Amino acid sequence: MAFNLEEETIMKKIKIFTLTALAASCLATSSCTKDFEELNTNPNETVAATPASLLAPALHDVVTRNNNRALRLNNELMQVHATILDSDEIHRYVIRPGESDYMWNNWYLQRTNFVDIYNGALITQQKSFMGIGLILDVWVTSQITDMFGDVPYSEANKGRDYLLQPKFDAQETIYKDLFAKLEEANALLAANEQMKDNEKAIDPLYAGDVVKWRKFGNSLYLRLLMRASGRPEVNAPAKIKEIVETNPGFYPIFASNEESAILKYTTTLPLVSAFTNMRDYDFNGSHGLTEFFVNNLNAMDDPRITRWATLFGTGYYGIPSGYSPGNIPDRQSSYHLALKNEPLLGNIINYAEVQFILAEAALRGYIGGEPKTYFDRGTAAAITMWGVEVPAGHLAKPAVAFDPAADFEAKLEKIMLQKYFTLFFTDFQQWHEYKRTGHPVLPIGPGVQNGGVMPARFRYPVYVQSLNGANYSAAVAAMGADDINTKVWWNK
């Protein structure tokens, strides 16, 4: 059965409206009785959805919508592709306010379902689903706050309690609570409470493997700790060291590609790709892969280019990003149409990304070991994850090789360039990592606006200003202007 959560939401609203209207009618007449609620309750309908039944549709919805906006926004900002439509200015750092609504609305919608997974499991004391609900809540919440900064959190997703104008929480406060939730999730999943067979069958990520869910949570923990590692008030480096070195037995992380959190799409409902029904032109006809993207893959002789890019003549060629208005380049290599149904585009966080996190942690002195060890492991895993072999001598190629004698910035550039390709079509992670580190270094085209500065965030949705004006104004006063250049807490 297809998951259509928007239709489901509409039906719920219709039901609420109908019951409200009937109740109002009841107050106006003498024919209704105190037994109204009992008589109008469907004996075959469950009071609330089970945690297991919420998991697949909510997870699928977030991943597919993330893919949609990765194609539209992230991949153009981060020079994976550039448009050949002169009116589309995202590659020139022009982000219109209306871009915010889609992400804000859908992330918050599905956060409600992830919170419900936890709350439902809390009632039935299903530790595994409590842990899963917490992990997914952290995952989607991190996307909201990383995109916008201070956002509704502690009072958010409480419409059932008629809390319709939630306050905005500071990103620092949100991050500290996300870390606490991941700690709780790890402890809950440590009990290794097994799912029932029917629950395993509808777990689209790990088919009920609780150990892998636990590794997902702790790997996500490393991602967010590294993101906040520049802020001394959370002491992220110490926690990274504890997870990796001091107490790794209690904090298992991904140990192979097979453990990666990837919602693998199929070509049949319900787990279809965001692009399955998209016109070919909309997927790869109105833009071309960039010089930055293609030239780096060519320089490394990276075999993933055969999976991602079309040939232009006998080779792979890109177009400049940020070109001046009116100077539209001729499109050359573009996305393979096979990517429209590619299972690996359902990536959430993978083993190779974790290895690059560890390489950076070692480079910064947060953990022991050689950064090169983690770098080489991540580089190889990122290639094999795509079903292609690592070419002979690949790790020794000048464009690939990690040089321990190089300076800090050169070594960080190597790590982040490989991480950039590992994050292919992974929501907005390339963008967040670039904002945090300034790597990989991207060329700035002559047509780029915004002073040539990469946007730091997206504006809040316009309707939030009118529907929650007082709290919006307080958030803007605390954070700074509601502007694409206002940096979020971890980026200051």
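Author: Leaving aside neighbours within four places in sequence, histidine 439 is in contact (heavy atoms within 4.5 Å) with Glu409, Leu412, Glu413, Met416, Glu433 and Tyr434. This is a predicted model, in which local features need pLDDT of at least 70 and side-chain atom pairs count only at pLDDT 80 or more, while totals for chains, interfaces and linings use all residues. Residues are numbered from 1 along each chain as its sequence is written, and side-chain values use heavy atoms, with hydrogens and water left out.

With one of these partners, glutamate 413, the side chain of histidine 439 forms a polar contact of 2.5 Å. Such a contact is a pair of N or O atoms within 3.5 Å; within protein, one must be able to donate a hydrogen and the other to accept it, and residues adjacent in sequence count only if both atoms are side-chain atoms. Histidine 439 has 7% relative accessibility and therefore counts as buried, a term that means under 20% relative accessible area (1.4 Å probe, protein chains only).

Histidine 439 belongs to the loop between α16 and α17 (462–467). Helices are DSSP runs of H or I with at least four residues, numbered from the N terminus. Glycine 438, with a positive phi near 75 degrees, follows α16.

Helix α16 itself (residues 429–437) has nine of its nine residues buried, so it is largely enclosed by the rest of the structure. Among the buried residues are Glu433 and Tyr434, both also contacts of histidine 439. The cover over α16 includes α3 (51–77), α5 (127–148), α8 (210–227), α13 (351–363) and α15 (408–422).

Methods: Buried means under 20% relative accessible area, exposed over 50%, partly exposed in between (1.4 Å probe, protein chains only). Helices (H or I, at least four residues) and strands (E, at least two) are DSSP runs, numbered from the N terminus.
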